[in-house]
Amino acid sequence: MSNNNAEILLKVEDLKMHFPIYRGVFQRQVGAVRAVDGISFDVYRGETLGLVGESGCGKSTTGRTILQLYKPTDGQIHFEGADLVTLHGEEMRRMRRKMQMIFQDPYASLNPRMTVEQIVGEPLMVHNVATGKEIEERVKHLLELVGLNPAFSTRYPHEFSGGQRQRVGVARALALQPSFIICDEPISALDVSIQAQVVNLLEELQEQFNLTYLFIAHDLSMVRHISKRVAVMYLGVIVELTDRDELYSSPLHPYTQALLSAVPIPDPLLDAQRKRTILEGDVPSPANPPSGCRFRTRCPIAQSLCAESRPEFREVKPGHFVACHLVK
Amino acid sequence: MPDLLLDVQGLETTFKTPDGVVHAVNGVSFTLKEGETLGVVGESGCGKSVTMHSMLRLIPTPPGKIVAGKALFFGQDLLKMTTEEIRHVRGGQIGMIFQDPMTSLNPVLTIGKQLEEPLMLHVGMSKKQAQERAAELLAMVGIPNAKDRLKDYPHQYSGGMRQRVMIAMALSCSPQILIADEPTTALDVTIQAQITDLVKRLRDEIGMSIIWITHDLGVVAGLAHRVVVMYGGFIIEESPVKELYANPTHPYTIGLLGSLPRVDEKERSRLFSIEGAPPVLYNKPTACPFAPRCKWAMERCWNENPMLEPVAPEHRVACWVDTKTGRPRS
């Protein structure tokens, strides 16, 4: 890949996550939702890898499966030298300290009956890294880090605004000094003026602690802003992965091209100039995906070959991976 | 003035809550011309939806109350109409589409039934005529096999298709005005592009006026002719679309545009962020509602609320400060 000297922190190989569908009196398995269907990628230490796609493409499932919140159907996840899929019990618990998650909905992801101090302090207690007075100190420090007044530590989530709650979520994720954080649509639920605040905070913290982010989002402009490299998902597979500038300036996969052209630009002059590719129809069901290339049913340039075999996810230029038969 | 479809003047709406009276809309005035698309931009709680709902008398009273103002539609005040009259206007001359197409459709009635009802009610069509028209409408908004799909229920449609049905429904009685309240917010970008394209096409075909409410400055850029920006229940800037993006003048508008990363972004830099959070208005503001978050704020901003004043042709701004120089506006 492009940055050979960088250390690989996370290596995902042929990851599959199929959710079974049960039917009938005997609850027999009649099929599976192929939420994630064989994806491979690396995340380098200190970088932000953006993972974009439309709703239902499997991007959140990918994040959750990496953290072993779901047991993957198949594949390997190497993190700091260990295969997470094979870890159990105490080993896995110790590993969890190093990987944390920031959730989309700051209203649903904080327990309304706990104070901010309890919420942010809980990971410290659960993992026995601090006790009593020490927790209190650490929580105050964490709140300061994320730009909240430490005096608020006795307040409850409902006393905070959306942006502040998301800061609490960030503080909780930082509590165990992780090296890797999965940000699952961390700003989608926030107002535009607040989104910028949270993104700036995430960037500052990354510089300060050399954090590695997997940034999951559907907002392509925000992903472009925060990521170093970007992976595009469609219906359970990664269709393109490359450096962010390369992806946005010369996207190769027809889906990426359509996706980028659909993003509105906040500038009427530029918006009027550009050519738009409008995709027909909707995303097919992941329980019954099209044969061959997943995108062929909506692809403007699909050929008969696309229905026959699944395109390989291959490196067409250094560091630029694409899964499409028609890209030379 | 025959070309002025809608003329809203000094609209004020309050809501009674257990914590006090919230002043959601504080004297909003705007106009809509024939064939024009007006973008209404603002963050959640800025009063953009309440303004439209008040105008159409769709806010629950109580706790809501329209305290003052006029909303002249062809010279007739919507706020003074009888319930019967306003019902005739809604869905008839003014169509609406909402953010969430699932909750605005009745899940136990077929799409066909829901499309035919307004046609029989407002236009007075027979059952058979209504059925034919419903199929036409569905085809017009780009749903394949329209005739067969009339028999389907809302859950059998995808999100984007449901929004198309909502548009078909809003257009069924050939309204003069279409009010779209965040119609693409719940949709994916590729579907959003389909819907905005559809609305643009229909607008040019039918020649109706549109009020498009959104928090997304990107969508408005490609769609609207004129934009009003709302904050704290006030209109704080009003301008033709090109002028607004070329010369944003109110500190809040400048901040909003600055806080957006762009797909065509060249250099990577920190985003411009507006510190603090939007206000909840338990008192009718006597000062500029944006002053607590404004980096240009002067003493006057804390004491007096600015009125909309022209800064360029058709471009009006409510701010005491000239944001180009940082000095008081003369």
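## Contacts and overall form of chain A

In this predicted model, residues 24 or more positions apart account for 64% of the contacts in chain A that have a separation of 6 or more. Buried residues make up 46% of the 328 residues in this chain, and its secondary structure consists of 11 helices and 12 strands. The radius of gyration of chain A is 21 Å, close to the 20 Å that the globule rule gives for 328 residues, so chain A is as compact as a globular protein of that length. Taken along the principal axes, the box filled by the C-alpha atoms of chain A is roughly 65 × 60 × 45 Å.

How many of the six residues of strand β9 (residues 229-234) of chain A are buried? Six of the six are, so this strand is largely enclosed by the rest of the structure. In a regular strand the side chains alternate between the two faces of the sheet. Both faces of β9(A) are covered, with Arg229(A), Ala231(A) and Met233(A) buried on one side, and Val230(A), Val232(A) and Tyr234(A) buried on the other.

Two neighbours of this strand can be described through their bridges. Strand β3 (residues 48-52) of chain A runs parallel to β9(A) and is joined to it by four bridges, and within this pairing Leu49(A) stands opposite Arg229(A). Strand β10 (residues 237-243) of chain A, by contrast, runs antiparallel to β9(A) and is joined to it by six bridges, with Ile238(A) in β10(A) as the bridge partner of Met233(A). The hairpin formed by β9(A) and β10(A) has two residues between the strands, and in this hairpin Leu235(A) takes a positive phi near 50°.

## Overall form of chain B

Chain B contains 11 helices and 14 strands. Its radius of gyration is 21 Å, close to the 20 Å that the globule rule gives for 330 residues, so chain B is as compact as a globular protein of that length. The C-alpha atoms of chain B fill a box of roughly 65 × 50 × 45 Å along the principal axes. Of the 330 residues in chain B, 46% are buried, and residues 24 or more positions apart account for 63% of the contacts in this chain with a separation of 6 or more.

## An open sheet in chain B

Four strands of chain B form an open sheet in the order β2-β1-β4-β5, with antiparallel pairing. The edge strands are β2 (20-33) and β5 (76-77) of chain B, each of which pairs on one side only. Within the sheet, strand β1 (residues 4-17) of chain B runs antiparallel to strand β4 (residues 64-73) of chain B, and eight bridges join them; Val8(B) stands opposite Ala71(B) in β4(B). Helix α1 (residues 48-55) of chain B lies across β1, β2 and β4 of chain B, running at about 110° to β1(B).

## Helix α6 of chain B

Helix α6 (residues 159-171) of chain B has 13 residues and reaches 18 Å from its first C-alpha to its last, close to the 18 Å expected at 1.5 Å a residue. Of these 13 residues, 11 are buried, so α6(B) is largely enclosed by the rest of the structure. The buried residues include Gly160(B), Arg162(B), Gln163(B) and Arg164(B), along with Val165(B) and Ile167(B). Among the elements that cover the buried residues of this helix are β6 (94-97), α3 (111-123), α4 (127-140), β7 (177-181) and α7 (189-206) of chain B.

## Where the two chains meet

Which parts of chain A touch chain B? Between the chains, 38 residues of chain A are in contact with 38 residues of chain B. On the side of chain A that touches chain B, α6 (192-209), α7 (220-226), α9 (254-262) and α10 (268-273) of chain A each supply at least two residues, and the largest share, nine residues, comes from α6(A). By class, this side of chain A has 20 nonpolar, 10 polar and eight charged residues.

Definitions and conventions. Residues numbered from 1 in each chain as written. Chains lettered and ligands numbered in written order. Predicted model: local features only at pLDDT ≥ 70, side-chain atom pairs only at ≥ 80, totals over all residues. Contact = placed C-beta atoms within 7 Å. Nonpolar A, V, L, I, M, F, W, Y, C, P; charged D, E, K, R; others polar. Expected span 1.5 Å × (residues − 1). Buried ≥ 20, exposed ≤ 12 C-beta atoms within 10 Å, placed from the backbone. Rg over C-alpha atoms; globule rule 2.2 N^0.38 Å. Pairing = 2+ DSSP bridges. Axes fitted to C-alpha atoms, helices over the stretch in contact; angles between N-to-C directions.
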